[in-house]
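Subject: Structure for your files

Hello,

Here is the structure I said I would pass on. My notes on it follow below.

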Amino acid sequence: IITQSEAGPEMASQALKLALAPVAWQVLRGTVRLAEFQPHPDDQGHPLIFACLHRDILMAIMHVRPMKPSLLVSQSPDGDILIKTLGQCHYGFVRGATGEGGKRAFLALRRELEQGRSIGLAVDGPKGPYGVINEGALQLSRLSGAPIVPLRAVAPRRVVLNTWDRTVVPHLFSRIVMHRGANQMVPRDCGEAELAAVRQELASFFHEEEGPHADS
């Protein structure tokens, strides 16, 4: 609960972030070196489910920009800022979460896929726990037939924020390498064992190369 005395500073902080975020995003996107997503031949003709850890979300969003995906964005004020920052020329937006209580967002994402549009989401979002693969992407793949395309970013020159998701912010003018994992398909009639196997494949990919980094 935010009291009246706290509301002023809170609103001022949000207004400042709303004003600065689009400028910061343009500077970051214009200076980092990051290859844009290039579809494989077998990607053609159907929508994709782009999936990353929440820590890599800034770089993953830049990477998939040419595909104009619909992104899952939280209902929080920070979600409002993200939409204003990214604009609606290259992205669509679905508000909410795919976890508990997120049925409306889940159905909206499924509708996007059924209409032939790719989507993007953080598999451990919107609130974690960090690195834990939620059911959302798996069930969307199972029900839509769309493959999950896992993406992992490596930015040797970066800042890691002290947040639950360990958000990575690359240094200006730095080089980012995006790794794409094998497409993961979840059969419509899959059982718990198959679902667990796909989840483990994703977890192994996302946590590959984790270890000491030159963070600052």
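Are F37 and F50 buried or exposed? F37 is buried, and F50 is buried too; buried means under 20% relative accessible area, exposed over 50%, and partly exposed in between, with a 1.4 Å probe and protein chains only.

Before the rest, two notes on how to read this. The model is predicted, so local features need pLDDT of at least 70 and side-chain atom pairs count only at pLDDT 80 or more, while totals for chains, interfaces and linings use all residues. Residues are numbered from 1 along each chain as its sequence is written, and side-chain values use heavy atoms, with hydrogens and water left out.

Overall layout

The protein chain has six helices and eight strands. Helices (H or I, at least four residues) and strands (E, at least two) are DSSP runs, numbered from the N terminus. Along the sequence their pattern is α-β-α-β-α-β-α-β-α-β-β-β-β-α. The chain has 216 residues, and 44% of them count as buried.

Aromatic pairs

Rings of Phe, Tyr and Trp (its six-membered ring) pair if their centres lie within 6.5 Å; planes under 30 degrees apart count as stacked, over 60 as edge-to-face and the rest as tilted. That rule gives two aromatic pairs. In one, the ring centres of F37 and F50 are 4.9 Å apart and the planes stand at 80°, so the pair is edge-to-face. This pair links distant parts of the chain: F37 is in the loop between α1 (4-31) and β1 (49-52), and F50, 13 residues apart from it, is in strand β1.

The rings of F205 and F206 also form an edge-to-face pair, because their centres are 5.5 Å apart and their planes are at 65°. F205 and F206 are both buried. The ring of F205 has the charged end of R152 over it, 4.6 Å from the ring centre. A charge sits over a ring if NZ of Lys or CZ of Arg is within 6 Å of the ring centre and within 35 degrees of the ring normal.

Pocket and cavity

Both terms come from a 1 Å grid over the protein atoms alone: a cavity is a set of points where a 1.4 Å probe fits but cannot get out, and a pocket is an open set with protein on both sides within 12 Å along at least five of seven lines. Lining residues have an atom within 4 Å of a point. Grid points are joined across faces, edges and corners, and a volume is the space filled by probe spheres set on the points.

The largest pocket has a volume of about 1,100 Å³. Its lining is made of 33 residues, with H54, I57, L58, D78 and L82 nearest the centre. Two or more lining residues come from each of α1, α2 (57-63), β2 (70-73), α3 (77-86) and β4 (119-122). The most come from α1, which gives six. By class, the pocket lining has 19 nonpolar, ten polar and four charged residues. Here Ala, Val, Leu, Ile, Met, Phe, Trp, Tyr, Cys and Pro count as nonpolar, Asp, Glu, Lys and Arg as charged, and the others, Gly among them, as polar.

There is one cavity of 30 Å³ or more. The largest cavity holds about 140 Å³ of space. Of the 14 residues that line the largest cavity, I57, I61, L71, G120 and L121 lie nearest its centre. β1, α2, β2 and β4 each give two or more residues to that lining. The cavity lining has 13 nonpolar residues, one polar and no charged ones.

Cysteines

The count of disulfides is zero, where a disulfide is a pair of cysteine sulfur atoms within 2.5 Å. C89 has a relative accessible area of 65%, so C89 is exposed. C190, at 15%, is buried.

Backbone points

A cis peptide bond joins G128 and P129, with omega about 5°; P129 lies in the loop between β4 and α5 (135-144). In α3 the buried residues are G79, I81, I83, T85 and L86, and α3 is followed by G87, whose phi is positive, near 75°.

K68, a residue other than glycine, has a positive phi near 50°. K68 is in the loop between α2 and β2 and is partly exposed, at 48% relative accessibility. R166, also not glycine, has a positive phi near 55°. R166 sits in the loop between β6 (158-160) and β7 (168-170) and is partly exposed, with a relative accessible area of 42%.

Regards
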